[in-house]
Structure formats: C-alpha cells, structure tokens
Amino acid sequence: MVKKMARFNVSKAKKTPKLQHFKKLMITEMFNKSISVSELAKLSGVTSDKVQAFKYTDKRPLKFDEIVKVATALNIDLNELKGV
C-alpha cells in the first residue's frame with residue numbers, strides 16, 4: 001500500500017509593482033469615467049474576459065500590447081510607471 005502525501009503549492013505568484021500600479025490606475029480611471037468592463041473591452045479591443053480577469057485576479061496578467069490598448073482607451077500615460 002502506497003501512502004499519498006499531500007501536495008502544497010509553495011510557489012508565489014509573480015507580483016510586479018509596475019503591473020499592480022497599472023491595475024490601480026486602470027481601476028481608478030474606469031471608476032472616474034464610469035466605464036464598465038464591457039465598455040472598456042469595446043474601446044480597447046481587448047476581450048472582456050481578459051479585462052475582467054486582470055481587474056479581479058492576479059492569475060491572468062495582460063500582455064504588453066494589451067496594456068497599451070487599455071491605457072490608450074482610458075487615456076493613461078504609461079510614463080507614470082517609470083518611477084514605480
């Protein structure tokens with residue numbers, strides 16, 4: 001009889017400060033401009049599933065080109081991320 005040991009995932013999710021800062025900027029601008037996830041998806045060309053997953057979780061970060069599209073749609077200056 002083989003005894004099974006419990007597995008624990010000890011790896012930590014990659015949390016980059018710049019990505020987290022961009023997420024805060026995105027959420028703030030969405031609130032200030034009263035833009036929903038679906039509206040942002042239409043404006044940016046990024047699927048609403050990806051925008052929603054990025055907004056609410058850390059498991060699906062956006063790719064660089066998608067970040068640029070979202071930033072352009074919300075009029076976010078990406079130069080703000082240089083100092084982060």
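Reader: How many aromatic pairs does the count come to by your rule?
Author: The count comes to 1 aromatic pair, where the rule takes rings of Phe, Tyr and Trp (its six-membered ring) as paired if their centres lie within 6.5 Å. The model is predicted, so local features need pLDDT of at least 70 and side-chain atom pairs count only at pLDDT 80 or more, while totals for chains, interfaces and linings use all residues. Residues are numbered from 1 along each chain as its sequence is written, and side-chain values use heavy atoms, with hydrogens and water left out.

Reader: What makes the pair tie together separate parts of the chain?
Author: Phe22 belongs to helix α1 (residues 17-32) and Phe54 to helix α3 (residues 48-56), so the pair links parts that are 32 residues apart in sequence. Helices here are DSSP runs of H or I with at least four residues, strands are E runs of at least two, and both are numbered from the N terminus; the chain comes to 4 helices and 0 strands.

Reader: Are Phe22 and Phe54 buried or exposed?
Author: Both are buried, that is, under 20% relative accessible area, with exposed meaning over 50% and partly exposed in between (1.4 Å probe, protein chains only).

Reader: How do you know where Lys23 lies relative to the ring of Phe54?
Author: A charge sits over a ring if NZ of Lys or CZ of Arg is within 6 Å of the ring centre and within 35 degrees of the ring normal; Lys23 lies over the face of Phe54, at 5.3 Å from the ring centre.

Reader: Which residues have the most contacts inside the largest nonpolar core?
Author: Such a core is a set of buried Ala, Val, Leu, Ile, Met, Phe, Trp, Tyr and Cys residues joined through side-chain atoms within 4.5 Å; the largest has 18 residues, and Phe22, Met26, Leu40, Val70 and Leu74 have the most contacts inside it. Helix α1 gives the largest share of this core, 5 residues.

Reader: Why do you say that the buried residues of α2 line one face of the helix?
Author: These residues are Val37, Leu40, Ala41 and Ser44. Seen down the axis of α2, they fall within an arc of 105°, so they line one face; the arc is that of the directions from the helix axis to the C-beta atoms. The face turned away from the buried side carries the exposed residues Lys42 and Leu43.

Notes:
Rings of Phe, Tyr and Trp (its six-membered ring) pair if their centres lie within 6.5 Å; planes under 30 degrees apart count as stacked, over 60 as edge-to-face and the rest as tilted.
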